[in-house]
Amino acid sequence: MRAIHAFAGDRWTRWVACGSRGNRCQGGTMRILLVKPPIRACMVEVGRHVPIGLAYLSATLRAAGHETAVFDALAHVEDNHVVPDDELTAVERLKLATHPRWRHVVHWGARWERIAEAVAGSGADVVGISCMFTPFYESAYDLARLTGELLPDAAVLLGGQHGTVFFHHTLQVPEIDAVVLGEAESTILPLVDAVERGLPFERLEGVAFRCGAGRCTCEVPGAPHVRPRAPFVPDLDALLMPAVDELDFARYDHTTTLITSRGCPFSCTFCTVHATVGREFRARSPRNVVDEIERYVRELGVRRFLVEDDNFTFDIDRVHAICDEVLARGLDVRLRLPNGITVVKLTEELVAKMVAAGFESLFFGLETTDVERLRRMRKGFTSLPKVAAGASLFEKYGLSVNGSLIAGLPGQALGEIVQDSVNCAVQRVRFYTNPFYPIPGSPDYRTCLEKGLIDPLTEPALFDQFNFAFGNGELTAEQLYWAWIGTQALALWPDYLVEGSARREGGPVTPAEAARRLVEHSSRLKSSGQRLDVCAVVRDCRVVEEGLLVETSREDCFCAVQRVADDVRRSGTADLCLFSGDVIAAAIACYTGVPLAAEQIASEVGRGCAFLVRPAGDGPAAPIQREFVTRLDATRRDAVATAG
């Protein structure tokens with residue numbers, strides 16, 4: 001139990017002292033364990049994972065007299081590892097079989113032995129499992145099965161985005177007793193009360209459950225029951241502050257998640273936020289928001305905040321008021337907006353105040369530079385010129401911001417994907433790209449169904465943005481992968497690639513020159529201190545007999561970002577970091593104008609990963625790289641002519 005005590009504090013000790021489920025603490029209150037399971041995927045992005053939703057539920061349950069504990073498997077990064085082949089599930093083997101390039105699955109978070117110890121040691125009456133993302137449902141289901149084995153009398157509840165939109169899939173797991181739909185603060189207490197008293201769930205709001213099994217009064221079991229959703233919480237100020245005293249913030253780099261509003265009135269076709277928190281913009285008061293910030297600063301020593309709102313700047317006056325309140329209280333904090341903001345109603349006055357209040361990282365949701373496609377995506381309120389103007393405002397006050405692009409939207413041709421990134425690079429707008437994937441519950445998911453790109457029986461785990469399991473109607477899955485790789489090279493080294501385009505006008509570029517310049521550009525990136533969204537920074541690059549030998553910085557390669565570098569060295573995994581090598585090859589190809597491919601080779605312990613880069617021949621990356629070269633050259637020349 002030592003590892004559990006270290007994470008969750010005295011609450012676990014009290015639970016263990018109380019004994020088994022039949023010997024409840026405090027005269028009949030329920031013991032409730034809230035768990036965030038690990039994630040397993042070809043690439044895992046866990047930049048923010050404080051289990052704030054579970055902390056809100058914990059506060060609600062504790063106020064009603066229940067005992068709670070939160071176990072966040074994702075916080076145990078010391079357990080991260082590459083999944084051995086003999087431990088891959090059937091679903092994971094399918095993901096690898098469909099991926100155009102990658103051949104390994106990464107397990108992020110606590111190993112199952114640690115999780116089993118936490119579950120068994122809790123003696124919980126109820127175990128609540130969070131599952132926010134459909135592609136990662138398998139770990140949540142496995143956790144439910146594990147709970148059924150270790151705590152056969154406990155009720156197992158699952159909540160989050162996945163359960164809300166895919167409850168029919170979730171209820172196929174017999175160990176899951178009920179699915180909580182949408183916001184859970186209004187639902188959890190009546191549900192826990194019904195569990196405690198052995199009452200049917202038929203009159204509860206916002207839950208889905210199987211017919212029979214003692215959860216309903218039906219004489220003959222039938223289809224699952226799906227109860228009407230509970231109303232969204234109208235007054236967010238009325239919610240209790242999240243029970244973050246249960247968390248060890250040293251595991252989160254002394255950073256926390258802050259939610260200041262819920263709901264988004266916009267209707268972007270790729271988004272599914274409405275399913276969970278609705279369209280109506282509901283906001284906490286500025287004073288309430290800053291009260292929470294001050295509590296973190298004064299009581300917990302936490303000064304870095306990830307503001308997870310879906311539309312933080314929808315109410316500009318409220319943003320001004322939040323900033324004013326932070327400044328008035330003299331709070332020295334750093335605030336980030338990992339979900340981005342829009343350019344709507346952005347002013348220099350607001351930008352100056354946000355920077356003064358401590359905002360240090362954000363991006364604009366651009367998605368594409370094609371104005372007509374933006375209209376079809378219901379994002380006609382933004383554009384590349386507007387994002388460029390907004391970025392220049394922030395840069396005036398010393399803050400560098402990005403635009404975000406989506407690569408591989410339904411029906412998007414190769415030229416469109418390439419041109420989006422080229423436009424940003426030539427116009428000197430920092431950007432990064434996310435691969436498109438159909439999110440269940442979104443309008444684009446329905447579009448993919450209608451176009452036959454997926455079907456209702458498609459394995460849900462394949463809806464992973466980094467799995468590249470589907471074409472988009474114009475390009476194959478393999479072409480989409482290589483197109484995305486090219487956008488990543490442009491996002492990381494825009495100046496390098498534009499420089500190469502100009503340099504080639506003076507004659508052929510040798511591999512040695514391209515290698516030398518890439519190392520110099522990478523060195524400048526490292527020394528700039530800016531956050532790097534692509535893990536492919538080059539430490540050394542030199543010509544060898546077989547081609548170019550490239551070495552990454554040890555802390556800026558794929559394995560390091562996935563927190564498995566030491567595990568890779570121990571296990572001898574040979575080709576985990578193909579992503580980094582592919583991005584590097586794409587960058588050098590655009591600089592020289594010659595298509596290139598990368599192969600990962602062995603590297604010395606304590607150093608970065610090594611890749612051999614050589615001509616791609618007729619490989620799948622070659623035509624994609626040529627398209628980048630052609631469009632980059634043409635767009636750069638047009639920009640020079642226009643400026644002249």
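A: What follows describes that interface and then turns to a few residues elsewhere in the chain.

The model is a predicted one, and its protein chain is divided into domain 1 (31-226), domain 2 (254-399) and domain 3 (499-643). Twelve residues of domain 1 are in contact with 14 residues of domain 3.

The size of an interface is often given as the accessible area lost when the parts come together. Between domain 1 and domain 3 the buried area comes to about 1,200 Å², and carbon and sulfur atoms give 58% of this. On the side of domain 1, the residues that lose the most area to domain 3 are Val82, Arg101 and His104, which together account for 40% of what that side buries.

Across the interface of domain 1 and domain 3 one salt bridge is found, along with six residue pairs in polar contact, both partners being at pLDDT 80 or more. As for secondary structure, strands β4 (81-82) and β5 (106-108) each supply at least two residues of the domain 1 side that touches domain 3. By residue class, that side divides into eight nonpolar residues, three polar and one charged.

Glu246 has its place in the loop between β10 (225-226) and β11 (255-258); it counts as buried because its relative accessibility is 4%, under the 20% limit. The side chain of Glu246 is joined to that of Ser58 by a polar contact of 2.8 Å.

In helix α17 (residues 443-450), the buried residues are Pro443, Asp444, Tyr445 and Cys448, and just after α17 the residue Gly452 takes a positive phi of about 75°.

Gly547 is found in strand β20 (residues 547-552), and with a relative accessible area of 18% this glycine is buried, because the limit is under 20%. Leaving aside neighbours within four places in sequence, Gly547 is in contact with Arg542, Leu612 and Val613. Gly547 and Cys218, by contrast, are 329 residues apart in sequence and 71 Å apart in space, C-alpha to C-alpha.

Conventions
Residues numbered from 1 in each chain as written. Predicted model: local features only at pLDDT ≥ 70, side-chain atom pairs only at ≥ 80, totals over all residues. Heavy atoms only, no water. Domains from an automatic or database assignment. Contact = heavy atoms within 4.5 Å. Buried area = accessible area lost by both parts, 1.4 Å probe. Salt bridge = Lys/Arg side-chain N within 4 Å of Asp/Glu carboxyl O. Polar contact = N/O pair within 3.5 Å; in protein donor to acceptor, adjacent residues only side chain to side chain. Helix = DSSP H or I, 4+ residues; strand = E, 2+ residues; numbered from the N terminus. Nonpolar A, V, L, I, M, F, W, Y, C, P; charged D, E, K, R; others polar. Buried < 20%, exposed > 50% of the residue type's maximum accessible area, 1.4 Å probe, protein only.
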